[in-house]
Amino acid sequence: NVFEIFPVKRFLEKGIYYTFDNKKDPFLYEIEKKHAIDIDDDGICDDLDECIGEYDECGVCNGDCFGYEFYDTNGNSTVVYSGQVVRNLIITDIKGLVSSDPSLLVGMYENTEANQARTITSGTGSFPAVQSRYGDISGSNLNGKIAATGDGYGIDDCTVSGYGMEPDALVRAWMDAAAGGAYSSDGVDIGQMLQKSLMGLVSYYQGTSKYLGVVLDQDNTGPDGDNYYTKMEHYWDESFGYFGASADYLNRTDAEIKSTVYNDSNGDGSIDFLSENCTGLSINAAKRDDGSSNMYDFTGTIMGAYLEGRHLISTNGSNAEISAKMTIIVNAWEKLLAANAIHYINDTVGDIGDGSAWAGTETAACTADTELCQDYTKHWSEMRGFAVGLHYNRYKLISEADLASVYSLMLSLIHI
């Protein structure tokens, strides 16, 4: 009993406090009262605590930041990224068309007027969706945003390694091949390859190389035209939109995001695709985190940096401060793509096994072969598709030589 160790009367009358010098020290020491107060119970004495209270999601002490929501002084939302939302939804939904109706693939890719009138394939469970058709969100397309040589966003040569084609031409070739079935003659699961490659060739490329690549060059002195946001705020938001996270992303666990990508965060009984649904790489971030035994924290790292960076922009933080958050994002995105590729490398290696489970009669197309062959083709295509994107980050840490070696090894694997 601690009251038996030191005089209770002295403690009550003099305000003398006691502490252990460290957790292994059995002796108590007197300290001044000012050094003993810890109002927020965070284990840091208040005279040393940089924040007496709690940091909000934007990294502000006792702030009111809840999710990716930012407003001007008149209460108007300054966040708009509807084009990114519809592009990520199209990338999510395009995979299913490879099997169900490949004739619609090009229209989906270009988000034509006919496609804008189509019902959104991504489900929202028992909740009705605020937007029912792609055009309800935006008329933005993928073909106008896919990486291309000469577009000036830091990637001098956008040719897809191993295929010798520009991204747009390669994607269209895969869509043409889908007319002959879900598996190509050379052993590609077209739906998986198409979807995962587009995540890198559009979302990852635009989010890192384009928008974060030029965000600090944008004006931040006042609203951009008739909009409520500044141009710098908008470029940051557009990059965030390509990540695909819902506004309340950090208020959900990795397991929750992994199992149910949508969440009625405002309790209105419906799902708003613009703010209450996760797509693309934000879901993969949760999947990799959830299965990593705390090795990764892609969700917290990437979302946290987006929130803190946006707050800095809105409060006129320095370019150095904003740049530090940008660096966290582009590096973590690269690691996420690499982690996705590694995940499917392991699955592919597992499918190969020691060879004893294979019949020996399988064909590359897997159209009439074993489930194992189809699993192998699926996993190889996901592996290769995620790896495609690694080239399209102007800030990438992996060297071109190492990346070329990775691509070479992956392409040879399909012929085993």
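**Notebook: burial, core and salt bridges**

I began with burial, and of the 416 residues of the chain, 45% count as buried. I note here that I am working from a predicted model. For the surface, I looked up the accessible area of the chain, which comes to about 19600 Å², with 51% of it belonging to carbon and sulfur atoms.

Next I went through the secondary structure, and I find 14 helices and two strands in the chain. I then turned to the contacts with a separation of 6 or more, and residues 24 or more positions apart account for 64% of these.

*Core.* I looked up the largest nonpolar core, which has 88 residues, and I wrote down those with the most contacts inside it: Tyr68, Leu194, Leu198, Trp236, Phe243, Tyr306 and Tyr392. Helix 7, spanning residues 190-214, gives the most to this core, with 12 residues.

*Salt bridges.* The structure holds nine salt bridges, and I examined several of them one by one.

In one, the side chains of Arg310 and Asp237 meet at 2.7 Å, N to O. Arg310 lies in helix 11 (residues 298-314) and Asp237 in helix 8 (residues 231-243), so this pair ties together parts that are 73 residues apart in sequence. I checked the burial of both partners: Arg310 is buried, with a relative accessible area of 0%, and Asp237 is buried, also with a value of 0%.

I then looked at Lys325 and Glu308, whose side chains meet in a salt bridge of 2.6 Å, N to O. Because Lys325 lies in helix 12 (residues 319-352) and Glu308 in helix 11, the pair ties together parts that are 17 residues apart in sequence. For Glu308 I noted a relative accessible area of 25%, which makes this residue partly exposed.

Which side chain does Glu400 meet in a salt bridge? I found Lys396 as the partner, at 3.0 Å, N to O. Glu400 is partly exposed, with a relative accessible area of 43%, whereas Lys396 has 17% relative accessibility and therefore counts as buried, the cut-off for buried being under 20%.

Definitions and conventions:
Residues numbered from 1 in each chain as written. Predicted model: local features only at pLDDT ≥ 70, side-chain atom pairs only at ≥ 80, totals over all residues. Heavy atoms only, no water. Core = buried A, V, L, I, M, F, W, Y, C linked by side-chain atoms within 4.5 Å. Buried < 20%, exposed > 50% of the residue type's maximum accessible area, 1.4 Å probe, protein only. Helix = DSSP H or I, 4+ residues; strand = E, 2+ residues; numbered from the N terminus. Contact = heavy atoms within 4.5 Å. Areas by Shrake-Rupley, 256 points an atom, 1.4 Å probe, with all protein chains shown as cover. Salt bridge = Lys/Arg side-chain N within 4 Å of Asp/Glu carboxyl O.
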